[in-house]
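Hi,

Here is the model I promised to pass on. Have a look at it first, and my notes on what turned up follow below.

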Amino acid sequence: MKRTGKRYRTGRAAEHYDVIVVGSGMSGLTTAALLSKVGQKVCVLEQHYTAGGLTHSYENNGYEWDVGVHYIGEVHKPHSPIRKLFDVISDQQLKWAPMDDVYDRVIIGDKSYDLVRGRDNFKANLKKHFPDDAQAIDAYVALVDKVAKASPLVFMDKAIPKLLSHIYTRFKSRILPREAMMQTQTVLEELTSNPELIGVLAAQWGDYGTPPQESPFFMHAMLVKHFFGGGNFPVGGAWKIADTIIPVIRASGGEVFTYARVAEILIENKRAVGVRLDNGDVLHADKVVSACDVRLTFEKLLSPSIQQQYGFAQKLNKVAPSKGYLNLFAGFKGTAEELNLPKTNLWVYPSADHGGNITRHEADSDSEFPVLYISFPSAKDPEWDQHYLGKSTVEVVVPSSMSFDQWAGTTWNQRGEDYEAVKAQLSERILDALYHHVPQLRGKLDYSELSTPLSTIWFQNNTYGEIYGLDHTVDRFKQDWLRPQTPIKGLYLTGQDILTAGVTGALMSGLLTTVVMQGLSAHKVLKLLK
């Protein structure tokens, strides 16, 4: 098993910490590591058997899979802000390997379109398929750069005091490009009337889980720009992220505990003072950071009286969770080279109408999957063959439109024959789709297992089994309460819900929360990134 962190037992934790962080996902580890770098003693509490959240890896039947890290952009550039931040929190121990020049391949029906590393290559390849839209493609890339560059303005108010934030919000719409808060689909339709091209340009919506008819264009622009330079993968697998960060936290006297489920964040005299674990142990700290989703934080980790006092229910009614997903983890006999597996991700769609594909599948879960995301992690990791020679892994992610409510609250791996039968049927459907697009894998399958939203609830403690937190709609980004500071003194939030989804969204939210917590001493944190 790829396990990171130290198993919690009564007496292993200190009586008091400077900061307690609830949750060891990317944002929680980033916050803890940065605070540790400026001399604070931080305790990270994780309910799972391993640290890392959706950046963890797991082993089964002689294979290893990365549950949530599929590719990261910009880390190949030593001086990019994202690479600098990863270097700081890992003491430069986290290494990266580039993927193929074609980092994403979009398959719509029986046609295939490659997204190629480098802006000029990206444009040139699309123009081969859409020569009549050459001008629109140039305009699209220019607009993506323009809006992505301005996107930090969307989040600037989260880093300033609430009073100033209100003033800034009034002027934000005036200084942002007009397209930033428009729906992605609307912006693309202004650039071209070609629905196939629109479908290709919007194809990466699965990286944050909200189709183009609902997502703001600034979110789309940030994601697309992030990968213009190609994709990269952690050397040694995704679990190396937590493995290289935890020593930084320990260096300042802190620790990352696993099997440490927090039952309640303790509030005394309107201030967070620590946490109570589900075994009854109480740990104290000057400050508490929740790296959990905001719904879990406000609905389950705070007492009913505190929830009512601060009106958290009314706030949560204004936002919705993102979609749940099925994830097929498959192991095959043969090396990536023998099986001719690429480092390229595949995005497979039945048509270019992403919103229509989703709507149809939600109405009939037996209809064609609205999207299949296919990743080849063993091909991406240059160290894979050192540990798993003669084996390869594939991951396939699809939206989940069927309800699993009848098994809600059941124990993982003990949900009964009916549940296993449903999973087996879904697995066969996904495997058939996989073999259609990667036919050389047929007959080579050695092992597979399927995770459902119930698995996400069990291991990640997400409220609805969503993997992208709150849905990335235009309205979601207008919520001024989704910020690091809460109305409760000493209680802070971090994670994708207060910024954006994905590994880098959570990474940057950890930085944002740390800067806000440090206040007038924030320069000490920012100095680390120079």
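A word on angles before anything else: under 35 degrees counts as roughly parallel, over 145 as roughly antiparallel, 65 to 115 as roughly perpendicular and the rest as oblique. The angles themselves run from 0 to 180 degrees between N-to-C directions, and axes are lines fitted to C-alpha atoms, for helices over the stretch in contact. Helices (H or I, at least four residues) and strands (E, at least two) are DSSP runs, numbered from the N terminus.

Some housekeeping: this is a predicted model, where local features need pLDDT of at least 70 and side-chain atom pairs count only at pLDDT 80 or more, while totals for chains, interfaces and linings use all residues. Residues are numbered from 1 along each chain as its sequence is written, and side-chain values use heavy atoms, with hydrogens and water left out.

Let's start with helix 2 (residues 81–89). Its axis and that of helix 19 (residues 502–518) come within 11 Å and cross at roughly 65°, so helix 2 and helix 19 are roughly perpendicular to each other. The crossing is left-handed, meaning that the near helix is turned anticlockwise from the far one by less than a right angle (clockwise would be right-handed). On the helix 2 side, the contact (heavy atoms within 4.5 Å) uses Ile82, Leu85, Phe86 and Ile89, and on the helix 19 side Val503, Thr504, Leu507, Met508 and Leu511. Sorted by class, that contact has eight nonpolar, one polar and no charged residues. Here Ala, Val, Leu, Ile, Met, Phe, Trp, Tyr, Cys and Pro count as nonpolar, Asp, Glu, Lys and Arg as charged, and the others, Gly among them, as polar.

Helix 2 also meets helix 1 (residues 26–37): their axes come within 9 Å and cross at roughly 65°. This crossing is left-handed too. Met26, Thr30, Ala33, Leu34 and Lys37 of helix 1 touch Leu85, Phe86, Val88 and Ile89 of helix 2. Those residues split into seven nonpolar, one polar and one charged.

Seven strands form an open sheet with mixed pairing, in the order 8-7-15-16-17-14-18; two strands pair if DSSP finds at least two bridges between them. Strand 8 (111–116) and strand 18 (445–451) are at the edges with a single partner strand each, so one side of each has no neighbour in the sheet. From one strand to the next, the twist averages 15°. Strand 7 (residues 102–108) runs antiparallel to strand 8, and six bridges join them.

Last, the aromatics. There are 25 aromatic pairs in the structure. Rings of Phe, Tyr and Trp (its six-membered ring) pair if their centres lie within 6.5 Å; planes under 30 degrees apart count as stacked, over 60 as edge-to-face and the rest as tilted. Tyr58 and Phe329 have ring centres 5.3 Å apart and planes at 90°, so this pair is edge-to-face. Tyr58 belongs to strand 4 (residues 57–60) and Phe329 to strand 14 (residues 325–333), so the pair ties together parts that are 271 residues apart in sequence.

Cheers
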